[in-house]
Amino acid sequence: MRLRHASGELVHLGYCTNVHPAEDLAGILAQLDTYAVPVRQQLGSDLLGLGLWLAAPV
(Lines give C-alpha, C1' and ligand atoms only; values in the text may rest on other atoms or scores of the structure.)
Protein backbone atom coordinates (compact mmCIF):
# COMPACT_ATOMS: atom_id res chain seq x y z
CA MET A 1 0.00 0.00 0.00
CA ARG A 2 1.38 3.41 -0.90
CA LEU A 3 0.93 6.31 1.49
CA ARG A 4 1.95 9.94 1.33
CA HIS A 5 4.03 10.99 4.34
CA ALA A 6 3.42 14.45 5.83
CA SER A 7 6.73 15.49 4.21
CA GLY A 8 5.26 14.66 0.80
CA GLU A 9 7.44 11.57 0.40
CA LEU A 10 5.80 8.41 -0.95
CA VAL A 11 6.15 5.46 1.47
CA HIS A 12 5.08 1.82 1.22
CA LEU A 13 3.27 -0.10 3.94
CA GLY A 14 3.57 -3.87 4.19
CA TYR A 15 2.75 -6.63 6.65
CA CYS A 16 5.15 -9.44 7.53
CA THR A 17 3.80 -12.87 8.38
CA ASN A 18 6.85 -13.95 10.38
CA VAL A 19 4.94 -13.06 13.56
CA HIS A 20 2.45 -15.84 12.64
CA PRO A 21 4.67 -18.74 11.50
CA ALA A 22 2.99 -21.71 9.85
CA GLU A 23 4.43 -25.14 9.14
CA ASP A 24 2.46 -26.12 6.01
CA LEU A 25 0.45 -24.66 3.12
CA ALA A 26 -2.86 -24.97 4.96
CA GLY A 27 -1.40 -23.03 7.88
CA ILE A 28 -0.02 -20.32 5.59
CA LEU A 29 -3.38 -19.84 3.87
CA ALA A 30 -5.16 -19.78 7.24
CA GLN A 31 -2.83 -17.14 8.67
CA LEU A 32 -3.26 -14.96 5.58
CA ASP A 33 -7.05 -15.18 5.92
CA THR A 34 -6.89 -14.60 9.68
CA TYR A 35 -4.40 -11.72 9.81
CA ALA A 36 -3.45 -10.20 6.44
CA VAL A 37 -6.94 -9.93 4.92
CA PRO A 38 -8.40 -8.06 7.93
CA VAL A 39 -5.42 -5.67 7.97
CA ARG A 40 -5.96 -4.89 4.27
CA GLN A 41 -9.70 -4.44 4.81
CA GLN A 42 -9.17 -2.19 7.82
CA LEU A 43 -6.89 0.00 5.70
CA GLY A 44 -9.53 0.13 2.94
CA SER A 45 -6.98 -0.92 0.33
CA ASP A 46 -7.14 -3.36 -2.57
CA LEU A 47 -3.42 -4.11 -2.18
CA LEU A 48 -1.13 -4.82 0.76
CA GLY A 49 2.49 -5.88 0.41
CA LEU A 50 3.31 -9.02 2.37
CA GLY A 51 6.50 -10.47 3.73
CA LEU A 52 6.05 -14.22 3.71
CA TRP A 53 7.85 -16.47 6.23
CA LEU A 54 8.15 -20.07 5.11
CA ALA A 55 9.35 -22.94 7.28
CA ALA A 56 12.19 -24.95 5.73
CA PRO A 57 9.97 -28.04 5.08
CA VAL A 58 7.45 -25.94 3.16
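Trainee: What is the relative accessible area of Leu 54?

Mentor: Start with its place: Leu 54 sits in the segment after strand 4. Strands are DSSP runs of E with at least two residues, helices are runs of H or I with at least four, and both are numbered from the N terminus. Now the classes: buried means under 20% relative accessible area, exposed means over 50%, and partly exposed lies in between (1.4 Å probe, protein chains only). Leu 54 is partly exposed because its relative accessible area is 46%.

Trainee: What kind of model is this?

Mentor: Residues are numbered from 1 along each chain as its sequence is written, and side-chain values use heavy atoms, with hydrogens and water left out. Local features need pLDDT of at least 70, side-chain atom pairs count only at pLDDT 80 or more, and totals for chains, interfaces and linings use all residues, this being a predicted model.

Trainee: In what pattern do the helix and strands follow each other?

Mentor: Count the elements first: the protein has one helix and four strands. Then read along the sequence, and the pattern is β-β-β-α-β.

Trainee: What is the radius of gyration of the protein?

Mentor: This value is taken over C-alpha atoms, and the globule rule is 2.2 Å times the number of residues to the power 0.38. For 58 residues the rule gives 10 Å. The protein is well over that, so it is more spread out than a compact globule, with a radius of gyration of 14 Å.

Trainee: What box do the C-alpha atoms fill?

Mentor: Take the box along the principal axes. Its size is roughly 45 × 20 × 15 Å.

Trainee: How much of the accessible surface belongs to carbon and sulfur atoms?

Mentor: Accessible areas come from the Shrake-Rupley method with a 1.4 Å probe, and for residues only the protein chains shown count as cover. The total is about 4300 Å². The share of carbon and sulfur atoms is 58%.

Trainee: What share of the residues counts as buried?

Mentor: The protein has 58 residues. The share that counts as buried is 16%.

Trainee: Is Thr 17 buried or exposed, and at what value?

Mentor: Thr 17 lies in the loop between strand 3 and helix 1 (25–43). Contact means heavy atoms within 4.5 Å. Beyond four places in sequence, Thr 17 touches Gln 31, Leu 32, Gly 51, Leu 52 and Trp 53. Thr 17 counts as buried because its relative accessible area is 1%.

Trainee: Which backbone oxygen does the side chain of Ser 45 reach?

Mentor: Ser 45 is in the loop between helix 1 and strand 4 (49–51). Ser 45 counts as buried because its relative accessibility is 14%. Leaving aside neighbours within four places, Ser 45 is in contact with Met 1 and Arg 40. At 2.6 Å, its side chain reaches the backbone oxygen of Leu 47.

Trainee: Which side chain makes a polar contact with the side chain of Tyr 15?

Mentor: Tyr 15 is in strand 3 and counts as partly exposed at 21% relative accessibility. Beyond four places in sequence, its contacts include Tyr 35, Val 39 and Leu 48. A polar contact is a pair of N or O atoms within 3.5 Å; within protein, one must be able to donate a hydrogen and the other to accept it, and residues adjacent in sequence count only if both atoms are side-chain atoms. At 2.8 Å, the partner side chain is that of His 20.

Trainee: How far apart in space are Ala 56 and Asp 24?

Mentor: Ala 56 is in the segment after strand 4 and is exposed, with a relative accessible area of 81%. Asp 24 is in the loop between strand 3 and helix 1 and is partly exposed, with 42%. The two are 32 residues apart in sequence. C-alpha to C-alpha, the distance is 9.8 Å.

Trainee: Which residues form a nonpolar patch on the surface?

Mentor: Patches are made of residues with over 30% relative accessible area and no salt bridge, joining like charges within 9 Å and nonpolar side chains (Val, Leu, Ile, Met, Phe, Trp, Tyr) within 5 Å. A salt bridge is a side-chain nitrogen of Lys or Arg within 4 Å of a carboxyl oxygen of Asp or Glu. One member lies in the loop between strand 2 (10–12) and strand 3 (14–16), and is partly exposed at 33% relative accessibility. With about 210 Å² of accessible area together, the patch is formed by Leu 3, Leu 13 and Leu 43.
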